Structure formats: C-alpha cells, structure tokens
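Good morning. I will go through one chain today, starting with the whole and ending with a few single residues. Please have a look at it first.

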Amino acid sequence: MNKDLNTAIICLGGNTSDATLCMAGALDFILSLGVVKRSSGLYRTAPEYAGESEPYLNEVVELATSLPYKELQIRVKEYECGVRSRNKVCDLVNLDIDIVYWNDVVLRPKDSVAAYFLTGISKLDANGL
C-alpha cells in the first residue's frame with residue numbers, strides 16, 4: 001500500500017426501516033473519501049449498548065485515504081449528522097458511522113470488542129475485495 005495513504009477501519013450501523021438505503025448512501029460517500037480496500041458486506045446484529053431496540057444492520061469497511069484523521073472524522077460526522085437529522089423516530093438510529101481503527105491504532109476500544117464490530121471484521125477478512 002502507498003505509504004502516503006492512511007488506513008481507516010470504519011463501522012457503519014443503523015436500525016431503522018431505511019437503514020439499507022442510508023448505509024448505501026454512506027458507502028457511496030465513503031468511496032468519495034478514498035479507496036475501499038475491503039468490505040464485510042451488510043449483516044444484522046442484535047443491539048448492544050442500546051437497550052431494547054430493533055436489530056442493527058451493519059457493515060465494516062477498510063478505507064485507504066490521503067485525508068488526515070481530523071478531516072476524515074469531520075467529514076464523516078457531518079455526513080452522519082445530515083442523515084440523522086431526517087430521522088423522526090427517537091429510539092432508532094438510521095445511521096451511525098465510526099472510525100474504529102486509524103493506521104492500526106484503536107480509537108474506539110469499546111467498539112473494537114463489540115460483537116457488531118467483531119462480526120464485521122471476521123467478514124472483512126473473509127471477503128476481501
């Protein structure tokens with residue numbers, strides 16, 4: 001891999017009826033930020049840390065990007081906020097995007113050991129691209 005590129009492992013999730021559409025849009029957005037090297041594909045998990053709620057649709061992607069971390073984080077959260085602002089159901093999440101790893105450094109330890117992330121990582125390793 002080009003040493004000038006950063007690697008981000010990004011976890012996406014949502015549990016609304018339009019989560020599939022929201023995640024497809026998010027993946028298109030992520031593609032505009034770099035090159036997706038690997039993807040887990042979509043998969044469902046039970047809610048964690050969310051109390052009683054609907055199952056989540058998740059995806060984990062490995063992104064190679066020339067962007068610095070701060071810029072990537074700002075862009076991702078701005079996109080996420082724009083999608084979330086359309087959600088009218090308070091107890092559900094139509095899109096959550098988190099950068100869990102940055103250049104092999106764990107940024108979100110709680111997410112990095114959660115079943116929804118570990119499931120995606122196992123699929124990421126199996127799927128490649």
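Of the 129 residues of the chain, 41% count as buried, where buried means under 20% relative accessible area, exposed means over 50%, and partly exposed is in between, with a 1.4 Å probe and protein chains only. This is a predicted model, so local features need pLDDT of at least 70 and side-chain atom pairs count only at pLDDT 80 or more, while totals for chains, interfaces and linings use all residues. Residues are numbered from 1 along each chain as its sequence is written, and side-chain values use heavy atoms, with hydrogens and water left out.

The secondary structure comes to 4 helices and 6 strands. In sequence order the pattern reads β-α-β-β-β-α-β-β-α-α. As for contacts, meaning heavy atoms within 4.5 Å, take those between residues at least 6 apart in sequence: 69% of them join residues at least 24 apart.

Now the helices. α1, residues 19-31, has 13 residues and reaches 18 Å from its first C-alpha to its last, close to the 18 Å expected at 1.5 Å a residue. The expected span is 1.5 Å times one less than the number of residues. Which residues of α1 are buried? They are A19, C22, M23, A26, F29 and I30. Seen down the axis of α1, these buried residues fall within an arc of 115°, so they line one face of the helix; the arc is that of the directions from the helix axis to the C-beta atoms. On the other side of α1, L21 and D28 are exposed. What covers the buried residues of α1 includes β1, β2 (35-39), β4, α2 and β5.

α2 covers residues 69-84, and its 16 residues should span 22 Å at 1.5 Å a residue; the end C-alpha atoms are 22 Å apart, which agrees. Its buried residues are L72, V76, E80 and V83. Down the axis of α2 they fall within an arc of 60°, so they too line one face of the helix. K70 and E78, on the other side of α2, are exposed. Among the elements that cover the buried residues of α2 are β1 (6-14), α1, β4 (56-65) and β5 (96-102).

T65 sits in strand β4 and, at 1% relative accessibility, counts as buried. Which residues does T65 touch, leaving out those up to four places away in sequence? The list is L5, N6, L33, G34, L72 and W102. T65 and L33 are 32 residues apart in sequence, and 6.4 Å apart in space, C-alpha to C-alpha.

W102, from that list, is in strand β5. Is W102 buried or exposed? At 11% relative accessibility, W102 counts as buried. Its contacts, again not counting residues up to four places away in sequence, are N6, T7, A8, T65, L67, P68, Y69, L72 and L107.

N103 is partly exposed, with a relative accessible area of 31%, whereas D104 is exposed, at 75%.

Last, the largest pocket. A pocket here is an open set of points on a 1 Å grid over the protein atoms alone, where a 1.4 Å probe fits, with protein on both sides within 12 Å along at least five of seven lines; lining residues have an atom within 4 Å of a point. The largest pocket is lined by 18 residues, of which E48, Y56, D96, D111 and Y116 lie nearest its centre. β1 gives the most to this lining, with 3 residues.

Definitions and conventions
Helices (H or I, at least four residues) and strands (E, at least two) are DSSP runs, numbered from the N terminus.
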